[in-house]
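Please look over the following model with its charged side chains in mind.

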Amino acid sequence: MNAHDIIRYDVSTADMICMGLVNDLSDADLMRRPAPGCNHINWQLGHLIVSDHEMLNDIFPGRLPPLPAGFAARYERDRVGSDDPGQFAGKDELLNVYRGQRAAALAILEGLAAEDLAKPAPEKVKSYAPTVGCAFALLGSHWLMHSGQWSVVRRQKGLPPLF
């Protein structure tokens, strides 16, 4: 097993868990907040997609497909308090954008040599991803960090735990 294998495994595990937690939720469910002061799932999904895109685009400019027009603006921090579903993408759009971005990110990973993963990340992302490999590792761990709140929403709805 090499670094590429570990990253792919971590990302695929995060994908399986995160998509399992949202697949049977509705657009309305994605707007639920697990507790007062928490972000709703819709905002979290958009935030994760935009974060992945920006981080990898800082490292590999122009290699990811562009986000849909206005997508990133809908998920800026100043929107986190909004409960108006009209200000955000619907579930289908979120998951389609996610799938396109994730496929492109994994294609970039496949084209890298092992030594590329050890290269320093650009200054803009170094504080949270010091190397290229660390940036790819965040494609899984950042998503898993947020997904714990999604489990709470599922339980609030009376859905059984999945994992």
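## Salt bridges in the model

The count comes to 10 salt bridges, a salt bridge being a side-chain nitrogen of Lys or Arg within 4 Å of a carboxyl oxygen of Asp or Glu. This is a predicted model, in which local features need pLDDT of at least 70 and side-chain atom pairs count only at pLDDT 80 or more, while totals for chains, interfaces and linings use all residues. Residues are numbered from 1 along each chain as its sequence is written, and side-chain values use heavy atoms, with hydrogens and water left out.

## Between helices H1 and H5

One of the salt bridges joins the side chains of Glu110 and Arg8, at 2.8 Å from N to O. Glu110 is in helix H5 (residues 91-110) and Arg8 in helix H1 (residues 3-22), so this pair links distant parts of the chain, 102 residues apart; helices (H or I, at least four residues) and strands (E, at least two) are DSSP runs, numbered from the N terminus. Glu110 has a relative accessible area of 46% and is partly exposed. Arg8, with 29%, is partly exposed as well. For these terms, buried means under 20% relative accessible area, exposed over 50%, and partly exposed in between (1.4 Å probe, protein chains only). Asp5 belongs to a network of salt bridges with Arg8 and Glu110.

A salt bridge also forms between the side chains of Arg102 and Asp15, with 2.3 Å from N to O. Because Arg102 lies in helix H5 and Asp15 in helix H1, the pair ties together parts that are 87 residues apart in sequence. Arg102 is buried, at a relative accessible area of 6%, and Asp15 is buried at 16%.

## From helix H3 to a loop

Asp58 and Lys124 form a salt bridge in which the closest N and O atoms are 3.7 Å apart. Asp58 sits in helix H3 (residues 41-59), and Lys124 in the loop between helix H6 (114-117) and helix H7 (132-156); the two are 66 residues apart. Asp58 counts as partly exposed at 26% relative accessibility, whereas Lys124 counts as exposed at 63%.

## Helix H7

How far should the 25 residues of H7 span? At 1.5 Å a residue the span should be 36 Å, and the end C-alpha atoms are 38 Å apart, which agrees. The expected span is 1.5 Å times one less than the number of residues in the helix.

H7 bends by about 40° at Leu138, the bend being the angle between axes fitted to the seven residues ending there and the seven starting there. After H7 comes Gly158, with a positive phi near 85°.
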